[in-house]
Amino acid sequence: MTPVVMIAGDGIGPEVMAATRQVLHAAGARIDWIEAYAGLGAVERFGDPLPRETLDLIRKHRVALKGPCTTPVGKGFRSINVRLRQELQLFASVRPAKSLPGLQLPYDHVDLVVIRENTEGLYAGLEHVVIPGVIESLRIVTRSAADRIVRHAFELARVQGRARVTLCHKAEVLPLSDGLFRDTGRQVADDYPFISFQEMHIDRLCLELAMDPTRFDVLVMENLFGDVISDLCAGLVGGLGLVPGANIGGRHAVFEAVHGSAPDIAGKGLANPIALIRSAAMMLEHIGQRTAAGTIENAVRRTLHDPNNRTGDLGGKLGTAAITEKIIENLE
Ligand code: NAI
Ligand code: MG
């Protein structure tokens, strides 16, 4: 049994987490769940949406599976997710977008991975009032963080047998910060002559993703660009209900779906659990339980193959419990 910290989160979080645990159990995953709190529930218990107890548990056990968390707005709390990524130095956000069977979408063969720098850029959290009515937000780019994120992208390409890394930037407009990001990326690319390297402006990337996303393989970019592009890529393969994600650091890893707490459908049993289930499959792979991970991914694909197996976000009628049951039936 491997201990894994489990944070159910807010909104639809507890619903999709319960579904995910059922699927993992049925797939034979050997996990000892350690419950921890973050989000609104943690404010009630600990007075902090990201309590030290939770950070300490992840530091101890190294791996966590997390549901979406709502950051209380206007109460002086910084984004929980941004804080979590910075505190644990989870520098790489890894978000695969891969076409699934049976969905009527403009593209069938999308298979790309967005690698987002997770600790700095505009999300460094350095904002201040210059004078009333004028705010300054600092966009931090360091050579060390650029080097480690681009290296992470090349390593992922190498390990997964992917052919190309595309570095996205806007160095013409931001010659210092994005110039440093791009130039550092070029140096890292030199270490990987066996993987093809491409540079692209972020606006050009948006155009090309809309026209033909099947051209892309691994994409690497700074924090804000990555936040936006990963949601866009989720849309290309069926939406937020389906795409998984991981936040990886040198010592810790936190797995979570790309979507948020979806307050509009929370508590109604309507949420699609697939995004968190697939995030959990990535977590299983990370801890070496590859057989269970593969079984779960195959079961999701087999389930979606049948057009009757659709939750509301995909235009269907099934609720969280019903789609979970179908996925469990399809485990082999
Ligand atoms: P959201 O992802 O929660 O919702 C956007 C839309 O997608 C909504 O219509 C929602 O119903 C739908 N949706 C999302 N996940 C779904 C699922 N699994 N099944 C079916 N439909 C789904 O984004 P929004 O509304 O911008 O944010 C809501 C809250 O979530 C905010 O408090 C935000 O801060 C938080 N959030 C937390 C994240 C995290 O913990 N990693 C990430 C993004 C947002
Ligand atoms: Mg986002």
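# A chat about the predicted model

Q: Where is His169 found?
A: His169 is in strand β8. Keep in mind that this is a predicted model.

Q: Buried or exposed, that His169?
A: His169 counts as buried, because its relative accessibility is 4% and buried means under 20%.

Q: What is His169 in contact with, leaving aside its neighbours within four places in sequence?
A: His169 is in contact with Asp178, Arg182, Glu199, Met200, His201, Ile202 and Phe225.

Q: How far apart are the C-alpha atoms of His169 and His201?
A: They are separated by 5.1 Å. Along the chain, His169 and His201 are 32 residues apart.

Q: Arg182 was on that contact list. Which residue does Arg182 form a salt bridge with?
A: Asp183 is one partner of Arg182. The closest N and O atoms of that pair are 3.2 Å apart.

Q: Which residues are linked with them in a network of salt bridges?
A: The network links Arg182, Asp183, Arg186 and Glu199. Glu199 is also among the contacts of His169.

Q: And how accessible are Asp183 and Arg182?
A: Asp183 counts as partly exposed, at 32% relative accessibility. Arg182 counts as buried, at 17%.

Q: How many salt bridges does the structure hold?
A: It holds 23 salt bridges.

Q: Give me another one. What does Asp203 meet in a salt bridge?
A: The side chain of Asp203 meets that of Lys170, at 2.7 Å from N to O. Asp203 lies in helix α7 (residues 202-211), and Lys170 lies in the loop between β8 (164-169) and α6, so the pair ties together parts that are 33 residues apart in sequence.

Q: Are those two buried or partly exposed?
A: Asp203 is partly exposed, with a relative accessible area of 44%. Lys170 is partly exposed too, at 21%.

Q: What about Asp191? Which side chain does it meet in a salt bridge?
A: Asp191 meets Arg151, at 3.0 Å from N to O. The pair links distant parts of the chain, 40 residues apart. Asp191 is in the loop between α6 (177-190) and β9 (196-201). Arg151 is in helix α5 (residues 143-160).

Q: And their relative accessibility, what is it?
A: Asp191 has a relative accessible area of 43%, which is partly exposed. Arg151 counts as partly exposed as well, at 27%.

Q: New topic. What are the domains of the protein chain?
A: The chain is divided into domain 1 (1-94 + 240-332) and domain 2 (106-236). Their centres, taken over C-alpha atoms, are separated by 24 Å.

Q: How many residues does the contact take from each domain?
A: The contact takes 15 residues from domain 1 and 16 residues from domain 2.

Q: Now helix α1. How many residues does it have, and what does it reach?
A: Helix α1 (residues 13-26) has 14 residues. From its first C-alpha to its last, α1 reaches 20 Å, close to the 20 Å expected at 1.5 Å a residue.

Q: Which residues of α1 are buried?
A: Gly13, Glu15, Val16, Met17, Ala19, Thr20, Val23 and Leu24.

Q: What comes just after α1?
A: Gly28 does, with a positive phi of about 85 degrees.

Q: Then which residue has a positive phi although it is not a glycine?
A: Arg62 is one, with phi of about 80 degrees. Its place is in the loop between α3 (52-61) and β3. Arg62 is partly exposed, with a relative accessible area of 34%.

Q: And what is phi of Gln89 near?
A: Phi of Gln89 is near 50 degrees, a positive value in a residue other than glycine. Gln89 is in the loop between α4 (80-87) and β4 (92-98). At 36% relative accessibility, Gln89 counts as partly exposed.

Q: Last one, the surface. Which residues make a nonpolar patch?
A: Val130, Ile131 and Val134 make a nonpolar surface patch of about 250 Å². Val130 is in strand β6 (residues 127-131). Val130 counts as partly exposed, at 47% relative accessibility.

Technical notes
Residues numbered from 1 in each chain as written. Chains lettered and ligands numbered in written order. Predicted model: local features only at pLDDT ≥ 70, side-chain atom pairs only at ≥ 80, totals over all residues. Heavy atoms only, no water. Salt bridge = Lys/Arg side-chain N within 4 Å of Asp/Glu carboxyl O. Helix = DSSP H or I, 4+ residues; strand = E, 2+ residues; numbered from the N terminus. Buried < 20%, exposed > 50% of the residue type's maximum accessible area, 1.4 Å probe, protein only. Patch = residues over 30% accessible without salt bridge, like charges linked within 9 Å, V, L, I, M, F, W, Y side chains within 5 Å. Areas by Shrake-Rupley, 256 points an atom, 1.4 Å probe, with all protein chains shown as cover. Expected span 1.5 Å × (residues − 1). Domains from an automatic or database assignment. Contact = heavy atoms within 4.5 Å.
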